[in-house]
Amino acid sequence: MPQTTHSTPSFSVAVYPAQALRVCNGANFGDALSVAGDLMPDDIYALASPAPLLRLSLSAAGADGALTIAADTGTGQPGAALHVDCCITLMNPMGQTCDVLVLVELDGHQRIAQVYALPLAPLVEKDEYSLVTINQQGARARLAEMGCTAFARGTHITMADGAQCRIENLRPGDRVLTRDDGPQAIRWVGGTTVRAVGAMAPILIAAGTLNNERDLMLGPDHRLFIYQRNDALGAGRAEVLVRASHLVNGTTITRMDGGFVDYFQLLFDHHQIIYAEGIAAETLLLDNRTLPALPKGLAQDLPQAAHPERPHMAFEVKDSLLDIPNAAEILRRASGRRQGET
């Protein structure tokens, strides 16, 4: 892959300070959530009430993808190093489980300054959770998965010859139609099954909402590429990238919370815009944040840990421009005709 010097943008996750999750019964009674070496299986934790989620902004930079706290964070010390210590599994009395990433902020002497809990599914205040497993292997990959673009099983992708193929049937080497580079071969197809809750719950865009031919279901951080015939959003440009989660309106674009979802990722040699159910959408952006989500063998074959800059990367719309109840309808009208219109 071409060498690149572009910087990785910051990304935000919703966390609890460790003090909000304490052992209410067990060997570490009274202790707050801590690092793997201090945890005891079967300890029972309870989330304090109230326990507001905090915004922790991160950046993955450098050849090793080291995490630091970004300048725009809502908690933590900007510039401080951050370590993904482990992934724990908590289970409530009903047998429902929730995975939680344990993040550790380090001070200038590489000592623990703060510990954060990043739940991958919602935790309920005052409910009791038994610590089932502690996994230090693959914790960073779980964080990386949160940043990966993801199409749900059944999504139709437009191929180089115009045919429609379900994403689960695609294989490396298959040629897909891209917006910028025409037909391009897939480098890798990734697949994972996760609980469709919290940060991993998919977004459903009903057919016709954005001039899409069928329902489209994809991950919440997946960005759609929309060409406006006029700058209806006031973004200063006709072409925009919009995260699916920012378009949720509760009617035509909804969060599908509950059960499980099969997610698939498509990797090309360059970050691409492809067509899914007729909507232009991005493929996996390979950078220091998402690289740990790739299989080890594939990651070792990619000497550069980032895709080169692409012009469309500057098109992402600010959240403030989408903080309106009818953003999806505005974009649909700006980008094409109503169904049935001539």
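What follows is a walk through a predicted model, from the overall picture down to a few individual residues.

Let's start with the whole chain. The protein has 342 residues, and 48% of them count as buried. Its secondary structure comes to 3 helices and 23 strands. Look at contacts between residues at least 6 apart in sequence, and 63% of those join residues at least 24 apart.

Before zooming in, a word on confidence. The average pLDDT is 84, and 80% of the residues score at least 70. Among the elements, strand S13 (residues 175-178) has the highest mean pLDDT, at 98, while helix H3 (residues 327-335) has the lowest, at 62. Then there are two stretches to treat with care. Over residues 1-7 the pLDDT is below 50, and this stretch has 19 contacts in the model beyond near neighbours in sequence. Residues 337-342 also have pLDDT below 50, with 9 contacts counted in that way. Where pLDDT is low, the predicted coordinates should not be read in detail.

Now for some strand pairing, with S3 as the way in. Strand S3 (residues 44-47) pairs with strand S2 (residues 21-25) in the antiparallel sense, over 4 bridges. Here Tyr45 in S3 stands opposite Val23. S3 also pairs with strand S9 (residues 128-135), again in the antiparallel sense, this time over 3 bridges. To find this pairing by eye, go to Ile44, whose bridge partner in S9 is Ser130. As background for looking at any of these strands, side chains in a regular strand alternate between the two faces of the sheet.

Two threonines in loops come next. Thr73 sits in the loop between strand S5 (66-69) and strand S6 (81-91). Is this residue buried or exposed? Its relative accessibility is 15%, and since buried means under 20%, Thr73 counts as buried. A polar atom of the Thr73 side chain lies 3.5 Å from the backbone oxygen of Arg55. Arg55 also turns up among the residues that Thr73 touches, along with Leu56, Ser57 and Pro78, once residues up to four places away in sequence are set aside.

The other threonine, Thr155, is in the loop between strand S10 (151-152) and strand S11 (156-158). With a relative accessibility of 3%, Thr155 is buried because that value falls under the 20% cut-off. Its side chain reaches the backbone oxygen of Ala152 at 2.7 Å. Leaving aside neighbours within four places, Thr155 is in contact with Cys165, Arg166, Ile167 and Glu168, with Leu216 and Met217, and with Ala276 and Glu277.

For a contrast, turn to Gly191, in strand S15 (residues 188-195). Gly191 has a relative accessible area of 57%, so this residue is exposed, the cut-off being over 50%. The C-alpha atom of Gly191 is 7.0 Å from that of Asp262, although the two residues are 71 apart along the chain. Gly191 is in contact with Tyr263, Phe264 and Gln265, leaving aside its neighbours within four places in sequence.

That leaves the charged pairs. Side chains of opposite charge can pair when their charged atoms come close. The model has 7 salt bridges, and three of them are worth a stop.

Asp99 and Arg142 form a salt bridge in which the closest N and O atoms are 3.0 Å apart. This pair links distant parts of the chain, with Asp99 in strand S7 (residues 97-106) and Arg142 in helix H1 (residues 139-146), 43 residues apart. Asp99 is partly exposed, with a relative accessible area of 21%, and Arg142 is partly exposed at 25%.

Asp107 forms a salt bridge with Arg111, where the closest N and O atoms are 3.4 Å apart. Asp107 counts as partly exposed, at 26% relative accessibility.

Finally, the side chains of Arg223 and Glu282 meet in a salt bridge, 3.0 Å from N to O. Here too the pair links distant parts of the chain: Arg223 is in strand S18 (residues 223-227) and Glu282 in strand S23 (residues 279-282), 59 residues apart. How accessible are the two partners? Arg223 counts as buried, at 7% relative accessibility, and Glu282 is buried as well, with a relative accessible area of 2%.

Notes
Residues are numbered from 1 along each chain as its sequence is written. Side-chain values use heavy atoms; hydrogens and water are left out. Two strands pair if DSSP finds at least two bridges between them. Buried means under 20% relative accessible area, exposed over 50%, partly exposed in between (1.4 Å probe, protein chains only). A polar contact is a pair of N or O atoms within 3.5 Å; within protein, one must be able to donate a hydrogen and the other to accept it, and residues adjacent in sequence count only if both atoms are side-chain atoms. Contact means heavy atoms within 4.5 Å. pLDDT is the predictor's confidence in each residue, from 0 to 100. A salt bridge is a side-chain nitrogen of Lys or Arg within 4 Å of a carboxyl oxygen of Asp or Glu.
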